[in-house]
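Subject: Structure handover

Hello,

Here is the structure you asked for. My notes follow below it.

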Amino acid sequence: MTTNASTSTVPAPVVTIDGPSGSGKGTIAKLLADKLGFSLLDSGALYRLTALAALNAGAHLEDELAVAKIAANLDIRFAIAGGEVSAVLAGEDVSRDIRMERVSMAASKVAALPAVREALLQRQRDFRALPGLVADGRDMGTTVFPDAPVKVFLTASAEERARRRFDQLQGRGVSVSLRDLLEDIRARDDRDMNRAASPLAPAEDAVVLDSTDIDIDGVLQKVLELVQKNIS
Ligand SMILES: Nc1ncnc2c1ncn2[C@@H]1O[C@H](COP(=O)(O)OP(=O)(O)OP(=O)(O)O)[C@@H](O)[C@H]1O
Ligand SMILES: Nc1ccn([C@H]2C[C@H](O)[C@@H](COP(=O)(O)O)O2)c(=O)n1
């Protein structure tokens, strides 16, 4: 028997970065993608866009089939300008809208619906292209890209994550209480970890990185080491 090596296709390498809210996934994913020249998938943005589209359509967020239909038919694109990625829904830049609190809460609800997750699965996989992809979310390493050669589960204490979010919002001139943020982070952790569909959990072959006492550059270096070891 002979094999024809020239016809075999090697899938683009994927680095998955999963973890709880505020652990630094988005920050590290963007820096890493820039450094490696890889594409970037912010899967949370897809759940946020679904939530916003459902709210705009007046859909009931518990109506799984209606929200799944909205997810399957999303008219979205991600535009890059000046190194920043913006989310465009039906031709309108909604990058700020999808970060609003009411959309965050709605995203967390629609993300718990199995039919919505199923509707967004192939759309996420379609981001995989050469020379590679960095994908951040909750189930990138467990469900969406189970064959990824590098899987990171990035975490930090809830207190540290609330402090980081507090600083981030204060920097934007948004007034919030640290106690409310901590409560919100704990509630989202609970929902993300305890839902039946693709709950937040490290893949068996993920490397768990606790960034509570490591700065952004330190985390980036550790992830780059994993990439150098596992992706040629
Ligand atoms: N290792 C770190 N040390 C200090 N601050 C950090 C670290 N990593 C991220 N941050 C800061 O924490 C904040 C939250 O980070 P980021 O938005 O990347 O988290 P996330 O995990 O993507 O959150 P979400 O899932 O809610 O989108 C940002 O202000 C970021 O600059
Ligand atoms: N792969 C993913 C990505 C995100 N979610 C959920 C988790 C949040 O409730 C919401 C928004 O995510 P964020 O932008 O804060 O990362 O979507 C998920 O279930 N699976």
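Ala 90 sits in the loop between β4 (84-89) and β5 (92-93). Helices (H or I, at least four residues) and strands (E, at least two) are DSSP runs, numbered from the N terminus. The phi of Ala 90 is near 45 degrees, a positive value in a residue other than glycine. Another loop, between α5 (114-125) and β6 (133-137), holds Pro 131. The peptide bond from Leu 130 to Pro 131 is cis, with omega near 5 degrees. For context, most residues other than glycine have a negative phi, and most peptide bonds are trans.

Some conventions first. This is a predicted model, in which local features need pLDDT of at least 70 and side-chain atom pairs count only at pLDDT 80 or more, while totals for chains, interfaces and linings use all residues. Residues are numbered from 1 along each chain as its sequence is written, chains are lettered from A and ligands numbered from 1 in the order in which they are written, and side-chain values use heavy atoms, with hydrogens and water left out.

Ligand 1

A polar side-chain atom of Arg 165 is 2.6 Å from an oxygen atom of ligand 1. The backbone contributes too: a polar backbone atom of Gly 26 lies 2.8 Å from a ligand 1 oxygen, and a backbone N or O atom of Gly 24 lies 3.0 Å from one. Alone, ligand 1 exposes 640 Å², and the protein buries 80% of that (Shrake-Rupley method, 1.4 Å probe; for residues, only the protein chains shown count as cover).

Ligand 2

This ligand is surrounded by 16 residues, the closest being Arg 48, Arg 117, Asp 139, Arg 188 and Arg 195. The side chain of Asp 139 places an N or O atom 2.9 Å from a nitrogen atom of ligand 2. Ser 43 has a polar side-chain atom 3.0 Å from a ligand 2 nitrogen. For Arg 195, a polar side-chain atom lies 2.9 Å from an oxygen atom of ligand 2. Taken alone, ligand 2 exposes 450 Å², of which the protein buries 96%. Elements giving two or more residues to this shell are α2 (43-57), α4 (101-110) and α8 (178-194). Helix α2 gives the most, with four. The shell divides into four nonpolar, four polar and eight charged residues.

Best regards

Conventions:
A residue is near a molecule or strand if one of its heavy atoms lies within 4 Å of it. A polar contact is a pair of N or O atoms within 3.5 Å; within protein, one must be able to donate a hydrogen and the other to accept it, and residues adjacent in sequence count only if both atoms are side-chain atoms. Ala, Val, Leu, Ile, Met, Phe, Trp, Tyr, Cys and Pro count as nonpolar, Asp, Glu, Lys and Arg as charged, and the others, Gly among them, as polar.
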